[in-house]
Amino acid sequence: MPTVLRLALVENLRRLAARLDARTGDEADDTSLANSIAGLGGLDRIDWDALVENMSALERTLCRDPAGVYGRMDRGTRRHYRATVAGLARRAGRDEQLVAVTALALASASRFGQDGDMRTRHVGHYLVGEGLPVLLAKLGLNDTRPRRRLALGGSMLPGALAALTLLFTVAVLVHAYGDGAGIATLLALGMLAPLGLGELALGLLVLMRAPPLPAPPLPRMDCSAGIPADAAAIVVLSTALDSVDDVQAACRALEAHYLTNRDPQLRFCLLSDFTDAPLETMFGDAELLEEARTATAMLNGRHGEGSAPFLLLHRPRTWSETEEAWIGRGRDHGRLADLHAFLRGGARERFVLVEGGNAGLAALRHVVVLAPGAQLGHDSVRQMVAALAHPLNRPLLDAAGRHVVAGHGLLRPRVVPALPGEPVSRYERVGGGAGSDPLAAALPDSAADNTSDGILASTTSTPSSACWDRTWRRKPCWRTGYWTAGACAARNWRTSRYTFPRRGATATMPAAVTATSAAPGSWPAGCAGTGAGLPPAARWQLFDSLRRSLVAPALLALLVLCWALLSSPAFWSAAALAVFFLPAFAALLLAAADKPGDMLWRQHLANWSRRARAALRQAAMRTAFLPHEAWYSLDAIVRSSWRLRVSRRKLLEWRSPSFVRGSTDVEANWRSMWFAPVLAVGSAVLLTFLHPFALFASAPLLLLWFLSPLLAWWLSLPLGRRQPGLRAGQTEFLAKLARRTWHFFDTQVGPQTNWLAPGRLQEYPQPTLTHATTPTDIGLGLLSGLAAWDFGFIATRELLERVGGAFDSMALLERHRGHFLAGYDTRTLAPLQPREVVTTDSGNLAAHLLTLAGGLEALADAPIAGSQGLDGIRTTLAPVEEHATGAVRPVQAAIERCRAQLSPERCRNSGTLPGPGRLPAGDGARRRGAAAYPAAGCALRAAHLERAPRCPVRRAARRPAGAGALDARGAGICARRQPDAHPDAA
């Protein structure tokens with residue numbers, strides 16, 4: 001409806017504009033034109049959802065939900081319910097009201113489940129939940145839901161993957177038999193080929209699959225006004241502390257999460273352990289605890305406002321027989337198990353330090369666990385709590401209390417790589433930090449893999465906590481720190497509705513660790529037999545994780561075996577490379593043909609070329625680091641199998657990929673990736689004796705593997721900032737444009753505006769200044785002064801005067817809860833009507849102040865007088881020359897003399913001007929400095945006495961009495977002599 005009305009108004013405006021151009025309109029047309037323009041603005045102010053709900057008879061019917069849940073859900077969920085009713089009514093050929101009444105009757109006839117479970121009393125149980133087949137039977141419909149098509153990704157994918165893998169394996173065996181392979185060789189190929197070629201089959205299946213239907217949205221409660229008291233939650237940052245820097249970084253991250261998710265019903269907890277140690281108490285532990293306690297108390301004092309939203313829970317070290325060291329009990333999962341027990345009122349003795357308000361913890365119902373580096377968006381915790389609080393999503397255990405059979409024990413948002421910071425490595429530039437999982441791309445959200453490195457949202461209700469504790473006691477794989485079987489038992493739900501960025505590793509070594517993280521996570525679960533008793537989908541996910549961990553070792557063994565024993569080494573090299581490159585080429589061909597209709601071919605091909613380069617680079621990197629990936633997988637498999645089955649030691653040894661960082665040291669890369677060059681040399685020696693002709697076909701790959709440590713080092717190096725590469729004429733044009741732009745701030749911002757930049761200046765028909773400013777205008781005015789100093793248009797003293805004057809005026813402005821209002825009068829500093837807060841302006845001002853702070857901090861370490869002052873004067877001469885066109889000869893001669901004195905050739909040594917720490921010593925040196933710079937000698941000698949203070953607010957107290965200044969606003973340099981100035985400043 002809004003779109004149709006908007007189109008009608010636009011069409012009316014077009015018709016009226018045509019009549020006005022033809023001068024055939026009348027007064028009625030003017031009124032209609034004004035009404036149409038006002039109507040366009042009024043359409044945006046109408047709450048269409050509320051209007052539709054108030055007028056909908058179906059909405060009033062569904063509000064009679066026996067459980068009383070429908071009216072407390074958010075609008076999106078209610079809209080989804082109404083759309084479901086409309087779809088069922090169309091299929092059944094009945095009225096929507098009849099379908100809604102039938103669902104209500106089924107809900108009214110149901111009884112409460114165990115522990116007061118009300119899901120069957122909720123009308124949504126029969127509309128979008130597991131009771132839908134009952135409603136379909138009542139309506140006389142078959143259970144042919146679109147959801148079944150969604151399940152094909154989980155049920156048909158294993159069969160299709162097995163069939164395609166078998167086809168590839170048979171083709172490889174037939175070719176090997178034609179090359180004269182014996183029975184033993186064929187048996188070896190029959191075991192290795194399915195493991196390696198399964199990755200190729202999966203990559204092609206992902207491309208061949210039909211576009212999947214979107215996953216059904218999770219129903220959510222309405223938390224727009226805040227989290228209700230019966231759904232209070234706690235955000236937990238789980239980490240290990242090793243130094244004071246770790247404590248400060250964790251507290252800063254926790255404060256950032258609080259600032260983006262403020263809510264009275266939210267608590268924020270730092271859940272921490274000490275790092276492993278040979279003794280229970282190490283030197284520095286007490287100082288570390290005191291620092292953590294003080295930081296938590298400071299956070300509560302800063303943001304408490306009568307409460308204590310921050311909580312610190314720190315566990316002591318305990319002796320581990322398996323690790324033979326003092327560690328935090330159970331590491332990551334042990335911390336979470338102790339947290340659940342603490343929230344239920346017990347396990348106080350498991351924490352050596354509890355700081356912050358611990359009252360009301362028993363009322364918390366949900367836990368959001370964050371891995372280090374995860375970033376929460378604005379009100380993202382509130383959205384996850386809204387989903388967890390819905391009755392259809394609450395976990396329900398089976399009779400044995402082993403598995404969650406309804407609802408979801410864990411909610412796993414999708415975690416994506418954050419934007420690369422500074423410095424950016426080549427590995428980040430080619431997209432290595434993003435990572436890819438073909439299986440996760442092929443399956444719907446609910447069936448994705450169960451890795452734990454990211455964000456987990458769970459509930460602390462009795463059923464979920466009981467499941468958590470039972471899984472902790474029952475599954476040894478959880479004690480190794482990995483979550484595959486446990487997440488399946490908790491019936492986790494991975495959703496892309498909530499997407500969070502996370503800062504990851506930037507070098508190549510962490511990428512290999514992350515890509516093969518299925519090996520250390522899945523093999524302990526497989527060796528311990530934790531797959532027994534899991535549902536079929538969970539067992540398939542566990543099996544696929546085991547298969548993926550064997551891809552690299554199988555491909556490597558297959559290559560070496562075929563090179564050494566078969567007569568077509570080039571074919572086998574191409575077959576191995578096809579595992580990585582064939583899906584990439586196929587995807588690029590499909591992407592080239594899939595041009596959007598509203599995009600030009602030139603733009604489409606440019607985008608396609610960038611995607612092609614990134615895809616081919618990633619395939620090449622996987623090929624280059626194949627030996628290292630294989631070694632890492634085999635090492636993890638052997639270690640976990642040996643420790644779980646034989647030694648029973650080091651069961652908790654695991655290093656998260658989040659904490660692994662690549663090295664920019666060549667020697668360190670050779671040490672950590674030693675297996676690749678050793679394999680390359682060993683394979684070359686083996687082929688020299690067994691199959692010398694295979695060296696020609698295998699030489700490129702062997703050389704690439706031998707040099708892979710150097711490639712990893714090169715990819716890990718930070719990239720330098722690319723220079724713009726402007727020509728001299730372009731640079732001169734931009735400098736003159738900057739000088740003209742600064743003229744506005746120089747003339748219009750001053751004491752007459754209380755040093756606050758006005759919003760606009762109207763030049764025609766006569767110059768008229770609007771005496772109004774906004775937070776964005778204030779921030780731009782502050783940054784204009786800093787930019788003018790960078791260009792050399794003003795001196796340090798004037799910059800600090802401008803910033804200080806603006807800060808003094810900003811301190812007098814009226815605010816609302818710390819936010820500046822939308823507008824102020826620059827003359828009286830009174831707020832303008834309407835008195836409101838615009839968050840866009842507040843964000844802009846915050847960004848401007850952060851930029852200004854960095855620039856002012858750099859002033860203290862910058863030279864007191866540098867070459868930018870001479871550049872600013874030289875730039876100022878350009879508009880002066882333009883305005884002096886046609887002037888008398890003496891004026892033009894003076895300008896030419898100034899230009900000659902400031903020519904680049906004459907000022908080529910301006911980079912050696914006196915600065916901090918290298919001032920000329922002695923009168924002779926001062927005279928030599930003056931002789932070297934005849935146009936600016938005395939001014940520079942006076943300017944070196946002035947030191948830029950760090951804080952502009954305290955500039956008067958810290959400025960030396962006899963400070964000179966380099967004034968670049970005009971065409972010359974002046975030095976102002978103070979009574980107590982240095983003698984040489986005369």
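User: Which elements do the buried residues of helix H6 pack against?

Analyst: Helix H4 (57-62), helix H5 (75-92), helix H7 (124-127) and helix H8 (132-139) are the partners. Packing here rests on contact, meaning heavy atoms within 4.5 Å. Helices (H or I, at least four residues) and strands (E, at least two) are DSSP runs, numbered from the N terminus. Keep in mind that this is a predicted model, where local features need pLDDT of at least 70 and side-chain atom pairs pLDDT 80 or more, while totals for chains, interfaces and linings use all residues. Residues are numbered from 1 along each chain as its sequence is written, and side-chain values use heavy atoms, leaving out hydrogens and water.

User: What are the buried residues of H6?

Analyst: They're Val99, Ala100, Thr102, Ala103, Leu104, Leu106 and Ala107. "Buried" means under 20% relative accessible area, "exposed" over 50%, and "partly exposed" in between (1.4 Å probe, protein chains only).

User: How do you know what span to expect for H6?

Analyst: Take 1.5 Å times one less than the number of residues. H6 (residues 96-109) has 14 residues, which gives an expected 20 Å, and the distance from first to last C-alpha is 20 Å.

User: Why do you say the span of H31 agrees with expectation?

Analyst: Helix H31 (residues 728-748) has 21 residues and should span 30 Å; its end C-alpha atoms are 31 Å apart, which agrees. Its buried residues include Ala735, Trp742 and Phe745. They pack against strand E13 (761-762), strand E14 (768-769), helix H32 (775-791), helix H33 (796-812) and helix H35 (867-883).

User: Where is Val749, and is Val749 buried or exposed?

Analyst: Val749 sits in the loop between H31 and E13. Its relative accessible area is 9%, so Val749 counts as buried. Setting aside residues up to four places away in sequence, Val749 touches Phe744, Trp755, Leu756, Ala757, Pro758 and Arg802. The C-alpha atom of Ala806, 57 residues apart from Val749 along the chain, is 9.7 Å from that of Val749.

User: What makes Glu199 and Arg547 a salt bridge?

Analyst: The rule asks for a side-chain nitrogen of Lys or Arg within 4 Å of a carboxyl oxygen of Asp or Glu. The closest N and O atoms of Glu199 and Arg547 are 3.6 Å apart, so this pair passes. It links distant parts of the chain: Glu199 is in helix H10 (residues 183-208) and Arg547 in helix H22 (residues 536-549), 348 residues apart. Both Glu199 and Arg547 are buried.

User: How many salt bridges does this rule give?

Analyst: The count comes to 31. Another one joins Asp338 and Arg315, with closest N and O atoms 2.6 Å apart. Asp338 lies in helix H13 (residues 331-343) and Arg315 in the loop between strand E3 (310-314) and strand E4 (318-320), so this pair ties together parts 23 residues apart in sequence. Both Asp338 and Arg315 are buried.

User: Why are Arg835 and Glu814 called partly exposed?

Analyst: Arg835 has a relative accessible area of 45%, and Glu814 has 34%, so each falls between the two cut-offs. Salt bridges with shared partners also join Asp273, Arg315, Arg329, Asp332, Arg335, Asp338 and Arg350 into one network. As for Arg835 and Glu814, their side chains meet in a salt bridge of their own (2.3 Å, N to O).

User: What makes the nonpolar surface patch, and how is a patch defined?

Analyst: Val681, Val685, Leu686, Phe689, Leu690, Leu703, Phe706, Leu707 and Leu710 make a patch of about 810 Å². Helix H28 (675-690) and helix H29 (694-706) are the elements giving two or more residues, and H28 has the largest share, 5 residues. Patch members need over 30% relative accessible area and no salt bridge, with like charges joined within 9 Å and nonpolar side chains (Val, Leu, Ile, Met, Phe, Trp, Tyr) within 5 Å. Phe706, in H29, has a relative accessible area of 33%, so Phe706 clears that cut-off.

User: How many disulfides does a search of the whole structure find?

Analyst: The search finds 0; a disulfide would need a pair of cysteine sulfur atoms within 2.5 Å. Cys223 is buried at 5% relative accessible area, and Cys269 is buried at 0%.

Terms used:
Accessible areas come from the Shrake-Rupley method with a 1.4 Å probe; for residues, only the protein chains shown count as cover.
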